[in-house]
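Dear colleague,

Please find below the structure that I am handing over to you, followed by a summary of the findings.

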Amino acid sequence: MHLIEAGGALIIFVGAVWAFARFATTGLRKRSLIGEFNKIRLSLGRFLVLGLEFQLAGDVLRTAVAPSFAEIGQLAAIAAIRTILNFFLTREIAQERAEIEGDQKEPSHADTLQPATS
């Protein structure tokens, strides 16, 4: 149980370190950060969602062994909070992905200009 919760915390930690390192290296290269920033946030969001899933699994396992009413109430509150966080993270990831894919599919202005034919 504690191993699963530690795994969730490790996943979140690794994701945060990875995102920070990627953000720092992108910033040092002085490239445009807007497009890369969205990709980094999307990846970090995936790490957060996965880590929260492990955390919730650990809570469920801990409570399943010998639950008291207080522990069940705490699990319900924790599960609700993590589920809400997970829902909004997943929704934001989907929006970011759609935005990134939409930006990649848009034709450039030069592609849309066609010579006039008479």
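The side chain of T26 reaches the backbone oxygen of R22, at 2.8 Å. The model is a predicted one, and T26 lies in helix α1, which covers residues 2-28. With a relative accessible area of 2%, T26 counts as buried, because the cut-off for that class is under 20%.

The next point concerns the pairing of helices. Two packed helices are described by the angle between their axes and the distance between the axes. For α1 and helix α2, residues 33-65, the axes come within 7 Å and cross at roughly 170 degrees. The two helices are therefore roughly antiparallel, since angles over 145 degrees are classed in that way. The residues that form the contact of α1 with α2 comprise 20 nonpolar, 8 polar and 5 charged.

Within α2, I would draw your attention to Q55. The relative accessible area of Q55 is 14%, so this residue is buried as well, under the 20% cut-off. Which residues does Q55 contact, once its neighbours within four places in sequence are left aside? They are E5, G8, A9 and R82.

Yours sincerely

Technical notes. Residues are numbered from 1 along each chain as its sequence is written. This is a predicted model: local features need pLDDT of at least 70, side-chain atom pairs count only at pLDDT 80 or more; totals for chains, interfaces and linings use all residues. Side-chain values use heavy atoms; hydrogens and water are left out. Helices (H or I, at least four residues) and strands (E, at least two) are DSSP runs, numbered from the N terminus. Buried means under 20% relative accessible area, exposed over 50%, partly exposed in between (1.4 Å probe, protein chains only). A polar contact is a pair of N or O atoms within 3.5 Å; within protein, one must be able to donate a hydrogen and the other to accept it, and residues adjacent in sequence count only if both atoms are side-chain atoms. Axes are lines fitted to C-alpha atoms, for helices over the stretch in contact, and angles run from 0 to 180 degrees between N-to-C directions. Angles under 35 degrees count as roughly parallel, over 145 as roughly antiparallel, 65 to 115 as roughly perpendicular and the rest as oblique. Ala, Val, Leu, Ile, Met, Phe, Trp, Tyr, Cys and Pro count as nonpolar, Asp, Glu, Lys and Arg as charged, and the others, Gly among them, as polar. Contact means heavy atoms within 4.5 Å.
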